[in-house]
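Thank you all for coming; I would like to take a few minutes to walk through one model, starting with the strands and ending with some local backbone details. Please have the sequence and the structure open as I speak.

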Amino acid sequence: VYPNPNNGVFTVEISSDEMILDAQLFLTDMTGKIITSRKVTIAIGTTQLMLEDLELQMGTYLVSLKGSGKNLAPVKMIVNR
């Protein structure tokens with residue numbers, strides 16, 4: 001996730017050695033509340049997903065990805081306008 005910290009606009013970059021269809025990207029706050037989720041396809045190699053227009057408040061969030069029996073460890077992301 002970069003830049004981190006950011007102003008609410010950031011990119012999630014995922015490297016994979018296999019294609020993952022119907023993956024779900026989640027952005028949650030520290031209480032576990034889902035702020036947004038979106039269905040994504042992860043290609044072989046590097047996939048970049050830009051997130052913007054979420055009107056995030058200052059704070060700490062977790063970015064996670066789940067799909068095809070794979071769960072990636074959440075990444076902590078800080079918004080500090």
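Let me begin with terms: two strands pair if DSSP finds at least two bridges between them, and the strands themselves are DSSP runs of E with at least two residues, while helices are runs of H or I with at least four residues, all numbered from the N terminus. With that in place, Ile20 has Ile42 of β3 as its bridge partner.

A word on the source, before I go on. This is a predicted model, in which local features need pLDDT of at least 70 and side-chain atom pairs count only at pLDDT 80 or more, whereas totals for chains, interfaces and linings use all residues. Residues are numbered from 1 along each chain as its sequence is written, and side-chain values use heavy atoms, with hydrogens and water left out.

Now to the sheet. Which order do the strands take in the open sheet of 4 strands? The order is β3-β2-β5-β6, and the pairing is antiparallel. Since β3 and β6 stand at the edges, each has a single partner strand, so one side of each is left without a neighbour in the sheet. On average, neighbouring strands of this sheet are turned by 20° against each other, direction ignored; the axes behind that angle are lines fitted to C-alpha atoms, for helices over the stretch in contact, and angles in general run from 0 to 180 degrees between N-to-C directions.

Taking the pairings one by one, strand β2, residues 20-29, is joined to strand β3, residues 34-42, by 7 bridges in an antiparallel arrangement. Their hairpin has 4 residues between the strands, and within this hairpin Gly32 takes a positive phi near 95°. Next, β2 pairs with β5 in the antiparallel sense over 6 bridges, and here Phe26 has Ser64 of β5 as its bridge partner. Phe26 also has a charge above its ring, since I can report that the charged end of Lys66 sits over that ring at 5.6 Å from its centre; the criterion is that NZ of Lys or CZ of Arg lies within 6 Å of the ring centre and within 35 degrees of the ring normal. Finally, β5 and β6 pair in the antiparallel sense over 8 bridges, with Val75 of β6 as the bridge partner of Val63. The hairpin of β5 and β6 has 2 residues between the strands, and Ser68 there takes a positive phi near 50°.

Let me turn to the interior. A nonpolar core, as used here, is a set of buried Ala, Val, Leu, Ile, Met, Phe, Trp, Tyr and Cys residues joined through side-chain atoms within 4.5 Å, where buried means under 20% relative accessible area, exposed means over 50%, and partly exposed lies in between, with a 1.4 Å probe and protein chains only. The largest such core has 18 residues, and those with the most contacts inside it are Phe10, Val12, Leu25, Leu27, Leu56 and Met77. At least two residues of this core come from each of β1 (10-16), β2, β3, β4 (45-51), β5 (59-67) and β6 (70-79), and the largest share, 4 residues, is supplied by β2.

For contacts the cut-off is heavy atoms within 4.5 Å. Leaving aside neighbours within four places in sequence, Phe10 is in contact with a list of residues including Val1, Leu27, Leu56, Val63 and Met77. Thr11, in strand β1, counts as buried at 13% relative accessibility; Thr11 and Met50 are 39 residues apart in sequence, yet their C-alpha atoms are 4.3 Å apart in space. By contrast, Val75 counts as partly exposed at 37%.

Lastly, the backbone. Most residues other than glycine have a negative phi, and most peptide bonds are trans. Where are the exceptions? The peptide bond from Tyr2 to Pro3 is cis, with omega near -15°, and the bond from Asn4 to Pro5 is cis as well, with omega near 5°. Asp22, in strand β2, has a positive phi of about 55° although it is not a glycine. Asp53, in the loop between β4 and β5, has a positive phi of about 60°, and this residue is exposed, with a relative accessible area of 71%.
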